[in-house]
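Work through the exercises below with the sequence and the 3D view open. Try each task before reading its solution.

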Amino acid sequence: MALASLHAPIQPSARSRLLDLMRTRGVVSRVELVGATGLTPGTISNVVRELLADGLVREVGQGRSRGGQPRRLLRLCAEAHYAVGVQMDRCTSSLVLSDFGGQRVAEMTLPGSGSSSPQEMLQLLADRIGTLLFDHAVALERVLGVSLVTHGPQDQLAGILLAPRPTPDWYGQPLAPELSRLTGLPVLLENDATAAALGEQWLGAVAADSFGVIYMASGLGGGVVVNREVYRGGGSNTVEIGHITVDASGAPCPCGNRGCVENVSGSAAVVSRALGNSAFRDRLDLQGSPASTLTDFRLIAEAANEGDGFARSLLLDAAQGLGEAAVTLVNLFGLSTVVLAGPGFAAAGPLMRDGIAEVLNRAAFNRELQPVDVVLSSHGELAAAVGGSLQVLRTANTAPAARGAGA
Ligand SMILES: [Zn+2]
């Protein structure tokens with residue numbers, strides 16, 4: 001399958017709309033599909049017949065009807081296909097295997113990219129994807145593809161990373177083509193915060209049609225869903241709230257800006273401040289290396305949750321800075337819901353959520369008409385990997401002709 005076939009179509013086909021509906025609703029009747037899509041009963045019948053013939057959907061008994069024929073109920077065949085989401089960060093990586101219904105079948109945590117060369121890291125990911133599929137008896141032919149989810153900037157169409165992070169030799173690496181070669185699977189490169197937004201929209205706890213995501217791993221990113229569509233702007237490097245200037249006289253950032261909120265209030269900034277307190281550093285046994293940022297951040301969050309005053313003050317200060325960036329996000333897109341996702345918020349979520357909500361409901365421009373709800377991702381630190389796997393399920397072409405006979 002061509003790499004480009006994993007990218008979202010501009011207008012989803014009737015086929016993918018029906019699959020999406022069954023993915024989110026579980027069991028449905030044809031009549032419900034007509035009501036939910038606005039497509040004609042004839043179109044629904046034709047597409048459902050095609051999906052039944054392709055082995056993607058099965059009939060599962062009958063529902064009650066108001067007179068006339070009983071409604072035959074349909075649901076996705078969860079084992080028809082699978083997708084892999086890979087979240088790769090400097091400090092930690094994770095793999096998620098999802099079935100065709102979008103349910104998480106398996107997950108695995110791996111070291112981050114900070115201590116490997118690109119070639120070593122991609123080989124490790126390919127090996128572990130192979131292990132995950134073997135352990136769960138999933139044939140390669142059943143896997144629709146892999147979403148490799150990481151920080152930007154990236155050239156999504158070419159599958160190339162355009163950031164010299166975690167080390168300069170990562171710049172310009174053709175990550176998606178190379179992982180595709182190593183795994184034998186189509187690979188899509190995706191932004192981590194955008195993937196987390198997709199996951200929250202499709203299998204998360206957010207009911208709103210428009211919402212923002214702040215994603216905290218070793219860096220800080222953002223994503224926005226507007227009217228149920230992920231906002232991509234000019235590509236996959238959109239809503240980079242980590243690089244909003246919050247201190248005009250702050251330190252230069254590799255992005256070209258200065259005083260970026262990622263460097264003032266992100267996980268690495270919190271850890272850096274903690275390391276400046278030698279007694280605190282020794283008490284928590286903080287490591288202080290770039291590859292240990294998230295481990296150190298987690299230790300600080302645990303201390304804060306146990307009532308440590310210094311740890312709490314570090315996280316509440318950071319929440320103020322993140323809240324200020326969130327005000328810009330909310331004001332620009334007219335949002336009333338902000339989701340906090342990623343490993344950073346999985347560790348420090350409740351405390352930072354309250355701090356961010358306090359700033360938003362003091363300073364968001366539209367707060368009187370529309371108070372802002374701040375919620376934690378329902379997928380915790382796996383949010384981006386889960387979203388990546390859903391992105392593959394939703395956009396891969398499942399028609400037999402596109403996948404080759406027998407696939
Ligand atoms: Zn920056």
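The exercises go from domains to a sheet, then to helices.

This is a predicted model, in which local features need pLDDT of at least 70 and side-chain atom pairs count only at pLDDT 80 or more, while totals for chains, interfaces and linings use all residues. Residues are numbered from 1 along each chain as its sequence is written.

**Exercise 1.** State the domain bounds of the chain.

Solution. Step one: the bounds come from an automatic or database domain assignment. Step two: this assignment gives domain 1 (3–76), domain 2 (82–196 + 385–403) and domain 3 (205–377). Step three: the centres of domain 1 and domain 2, taken over C-alpha atoms, are separated by 28 Å.

**Exercise 2.** Describe the open sheet and find its edge strands.

Solution. Step one: strands (E, at least two residues) and helices (H or I, at least four) are DSSP runs numbered from the N terminus, and two strands pair if DSSP finds at least two bridges between them. Step two: the sheet has 5 strands in the order β6-β5-β4-β7-β10, with mixed pairing. Step three: β6 (104–111) and β10 each pair on one side only, which makes them the edge strands. Step four: β7 and β10 are joined in the parallel sense over 5 bridges; Leu148 has Leu189 in β10 as its bridge partner.

**Exercise 3.** Which strands of the sheet does α5 touch, and which residues of α5 are buried?

Solution. Step one: contact requires C-beta atoms, placed from the backbone, within 7 Å. Step two: α5 packs on the sheet and touches β7 and β10; its direction makes about 140 degrees with that of β10. Angles run from 0 to 180 degrees between N-to-C directions, and axes are lines fitted to C-alpha atoms, for helices over the stretch in contact. Step three: a residue is buried if 20 or more other C-beta atoms lie within 10 Å of its own. In α5 (residues 175–183), Leu175, Ala176, Glu178, Leu179, Ser180 and Thr183 are buried. Step four: these buried residues pack against α4 (118–135), β7 (143–150), β9 (160–161) and β10 (187–191). Step five: Gly184 follows α5 and has a positive phi, near 75 degrees.

**Exercise 4.** At what angle do α8 and α11 pack, and which residues make the contact?

Solution. Step one: α8 (residues 267–275) and α11 (residues 309–333) pack at about 145 degrees, their axes 10 Å apart. Step two: α8 contributes Ala269, Val270, Arg273 and Ala274 to the contact, and α11 contributes Leu314, Leu315 and Ala318.

Note on methods
Contact = placed C-beta atoms within 7 Å. Buried ≥ 20, exposed ≤ 12 C-beta atoms within 10 Å, placed from the backbone.
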